[in-house]
Amino acid sequence: NSQAATSYNKAEYIITQAGNKVHRGSVLGGSKNIILRGKTIVHENCIFRGDLGKIAVGKCCIFKENVVIRPSFKFSPLKTPSFRYIPMEIGEYVTIGANSVICAARIGSCVSIGSDCIIHNPLAKCLSSLYSLYFSHVHHGHELCESKGRRCILSERCRIEDGTVLPPDTTVPPYAIMSGSPGRMVGSLPEVSDRIQTSIASSYYNNFHLKD
């Protein structure tokens, strides 16, 4: 599971005291709401929507090119509707492949997400459906008491295969392998998967060197 050495230009990355390496071509909106706990790599053209809510990332996580990280939300369709974003937690040793769009409440540690994945539907469609639901009930004189949201949860030690699309409010159990659109469980990881994923993420970080 060793990662081949790759190099980068110092001028292209911001390197923090905690060892984070963030490409200057990425956008970390609301940076005060974004916590990177160390040894994390954020590649080119990534977008972190910290302007919407808090995003906390554990140590040694890898975000490949064009990844979008966006907090999920909670909508309460009562007489006075309320809408708020939920703080997003990402564990340690998480790797996310290029071009994936992630909108989840929580991602556990030692999780592998492939390239071109979508974790929950686009926000605009979600909001449209929720507001339509609310106004249809108001029109018919009914009151909704429950809260609606799009809160995907990825448990520790799971894997999301390339191109997988997870529907809203999906909970992925530990050790599950998810694939397809919509995503479904197609297998299970071995019990040592946490050690394998830790090795993959650590090796990637340790072999991402400054060009001579």
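Which helix does Ile200 lie in? I looked, and Ile200 lies in helix α2, residues 193-206. Helices (H or I, at least four residues) and strands (E, at least two) are DSSP runs, numbered from the N terminus.

**Entry 1: ground rules**

This is a predicted model: local features need pLDDT of at least 70, side-chain atom pairs count only at pLDDT 80 or more, and totals for chains, interfaces and linings use all residues. Residues are numbered from 1 along each chain as its sequence is written, and side-chain values use heavy atoms, with hydrogens and water left out.

**Entry 2: the whole protein**

I noted two helices and 26 strands. Of the 212 residues, 43% count as buried. Buried means under 20% relative accessible area, exposed over 50%, and partly exposed in between (1.4 Å probe, protein chains only).

**Entry 3: the cores**

I then looked up the nonpolar cores. Such a core is a set of buried Ala, Val, Leu, Ile, Met, Phe, Trp, Tyr and Cys residues joined through side-chain atoms within 4.5 Å. The largest has 31 residues, and Phe48, Phe63, Ile69, Ile107 and Leu154 have the most contacts inside it. Among the strands that each supply at least two residues of this core are β5 (34-36), β16 (104-107) and β24 (176-179). A second, separate core of 11 residues includes Tyr8, Tyr13, Tyr93 and Cys110.

Next came a sheet. Six strands form an open sheet in the order β4-β7-β10-β15-β18-β22, with parallel pairing. The edge strands are β4 (27-29) and β22 (165-166), each pairing on one side only. Two strands pair if DSSP finds at least two bridges between them. Ile47 has Val68 in β10 as its bridge partner.

**Entry 4: a hairpin**

How many residues lie between β24 and β25 in their hairpin? I found four residues there, and Gly180 in the turn has a positive phi of about 100°. The two strands pair in the antiparallel sense over four bridges. Met178 stands opposite Met185 in β25.

Pro182 sits in the loop between β24 and β25. Is Pro182 buried or exposed? Pro182 is exposed, at 55% relative accessible area. Leaving aside neighbours within four places in sequence, Pro182 is in contact with Val165 and Pro167.

**Entry 5: salt bridges**

I found three salt bridges in the whole structure. A salt bridge is a side-chain nitrogen of Lys or Arg within 4 Å of a carboxyl oxygen of Asp or Glu.

- Arg49 pairs with Asp51, with the closest N and O atoms 2.8 Å apart.
- Arg106 pairs with Glu156 at 3.4 Å, N to O. Arg106 lies in β16 and Glu156 in the loop between β20 and β21 (159-160), so this pair ties together parts that are 50 residues apart in sequence.
- Glu161 pairs with Arg159 at 3.2 Å, N to O.

Terms used
Contact means heavy atoms within 4.5 Å.
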